[in-house]
Amino acid sequence: MLTLYHDWDAFCCIKVRFCLAEKGIRWQGEIVDLQKLDQLRPEYLALNPNGVVPTLIHDGSVITESTVINEYLDEVFPEVPLAPRNPVERAQMRIWVKFEDDVLHPSVKLPTYQLMMRHAFAKLPRELVEARIAAAPNKAQAEKLRSASSGAVVDAAAVAAAQEVMDRALARMEARLSIVPWFAGETFSLADIAISPFIDRLEWLSYAGLWGSRPAISSWIGRMKARPAYREAMPLQTQRLPAPRPD
Ligand SMILES: N[C@@H](CCC(=O)N[C@@H](CS)C(=O)NCC(=O)O)C(=O)O
C-alpha cells in the first residue's frame, strides 16, 4: 500500500502525484496542511525530519525528497517507464530534474511565501505560529516562515530578484525545447514531470507573461496540459493556495 503525505497546492507534491498518475498507481493521501504549518508538527517531523512535503510510505518504508520518491516509483513500478532507455537521455533527464531541484523550485519559494502563504498565516494564532517555527529543522526555513508570518510588508526587491532568476531559467528552458520536444530529448520523462509544477505556480502568480515570447515553452506547456495525468495531479480550484496579493 502507498500513502502519500502531501498538500494539494504544493510544488513538490504535484510532481509526485503527476508521476503516480502517469503510472496509474493507486495511492491514499494524508493531508499535511502547509497553511497551518502542519509540516512542523512533531508527528510529521518524526516521518520527515526536514519538515517538508511530500513523504511517501510504501509497505512501511519511508521515502522522502520528491526526486528520490519519483525515481523510487519508477524502479518499483516499471510497467510505465518514465526514464529514457538511452543513457544520454537519462543523463539529460537527471540534469533537468536537478535544475528543477536547485534553481526552479527555490526560485518560487519566496514569491509563494511573500505573496500567497502570508495571507494564510495572518489568520493563525500567533502562539501556534511561534511554536511551529521553533520546531523548524533549519534556520533558513525558520527565517522564511518568520518573515512570511511577521505581518511586515512584502519584500518587493526580493520578489523582483526571484523573477529575474525565473526569467533566466526560462531562457535556458526555451533553448533546450527549441531543439528537442522533451527535456530529456525525444522521450517524455521524469524531467518534464518535475518541471511542470514550476509553470503551474508561475501561472498562479500571474507570471505567465515570462514565456509570452518563448514559443518552444508555450508548445511544451500545451502538450503537458493535454496529458490526463497532468490534470489528475493538479489541485482543484478549491484546493489552491490563497490568490497572490502584494499588500
Ligand atoms: N527537496 C524537497 C523540497 C520539499 C519542499 O520544500 N516542500 C515544500 C512544498 S513544495 C514544503 O513542504 N514547504 C514547507 C516549508 O518550507 O516549510 C523535495 O523535493 O521533496
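A residue counts as near a molecule or strand if its C-beta atom, placed from the backbone, lies within 6 Å of it. With that cut-off, 14 residues surround the ligand, and the closest are Ala10, Phe11, Cys12, Val52 and Ser66. The model is predicted: local features need pLDDT of at least 70, side-chain atom pairs count only at pLDDT 80 or more, and totals for chains, interfaces and linings use all residues. Residues are numbered from 1 along each chain as its sequence is written.

**Stop 1: the ligand shell**

Coloured by class, the shell divides into seven nonpolar, five polar and two charged residues. In this scheme Ala, Val, Leu, Ile, Met, Phe, Trp, Tyr, Cys and Pro count as nonpolar, Asp, Glu, Lys and Arg as charged, and the others, Gly among them, as polar.

**Stop 2: the two domains**

Next, colour residues 2-76 as domain 1 and residues 87-227 as domain 2. These bounds come from an automatic or database domain assignment.

The centres of domain 1 and domain 2, taken over C-alpha atoms, are separated by 18 Å. Select the residues where they touch: 19 residues of domain 1 are in contact with 20 residues of domain 2, contact meaning that the C-beta atoms of two residues, placed from the backbone, lie within 7 Å. On the domain 1 side, the elements that give two or more residues are helix 1 (11-23), helix 2 (42-47) and helix 3 (66-76). Helix 1 gives the most to that side, with seven residues. The domain 1 side comprises ten nonpolar, five polar and four charged residues.

**Stop 3**

Axes here are lines fitted to C-alpha atoms, for helices over the stretch in contact, and angles run from 0 to 180 degrees between N-to-C directions.

From helix 1, pick Cys12, Lys15, Val16, Cys19, Leu20 and Lys23; they meet Ser66, Ile69, Asn70 and Leu73 in helix 3. This contact has six nonpolar, two polar and two charged residues.

**Stop 4**

Four of them form an open sheet with mixed pairing, in the order 2-1-3-4; two strands pair if DSSP finds at least two bridges between them. The edges are strand 2 (28-31) and strand 4 (61-64), each of which pairs on one side only. From one strand to the next, the twist averages 20°.

Strand 1 (residues 2-6) pairs with strand 3 (residues 55-58) in the antiparallel sense over four bridges. Along this pair, leucine 2 stands opposite histidine 58, and the bridge partner of threonine 3 is isoleucine 57. Strand 3 also pairs with strand 4 in the antiparallel sense, over four bridges. There, histidine 58 has serine 61 as its bridge partner in strand 4.

**Stop 4: two backbone details**

Which peptide bond is cis, with omega near 5°? Select the bond from valine 53 to proline 54. Proline 54 lies in the loop between helix 2 and strand 3.

Then move to aspartate 59, in the loop between strand 3 and strand 4. Its phi is near 45°, a positive value in a residue other than glycine. The hairpin of strand 3 and strand 4 that holds aspartate 59 has two residues between the strands.

**Stop 5: helix 7 against helix 9**

Finish in domain 2 (87-227). Helix 7 (residues 156-177) and helix 9 (residues 215-225) pack at an angle of about 75°, their axes 8 Å apart. That makes helix 7 roughly perpendicular to helix 9. Select Leu170, Met173, Glu174 and Leu177 in helix 7, which meet Ala216, Ile217 and Trp220 in helix 9. By class, this contact has six nonpolar, no polar and one charged residues.

Note on methods: Parallel < 35°, antiparallel > 145°, perpendicular 65-115°, else oblique.
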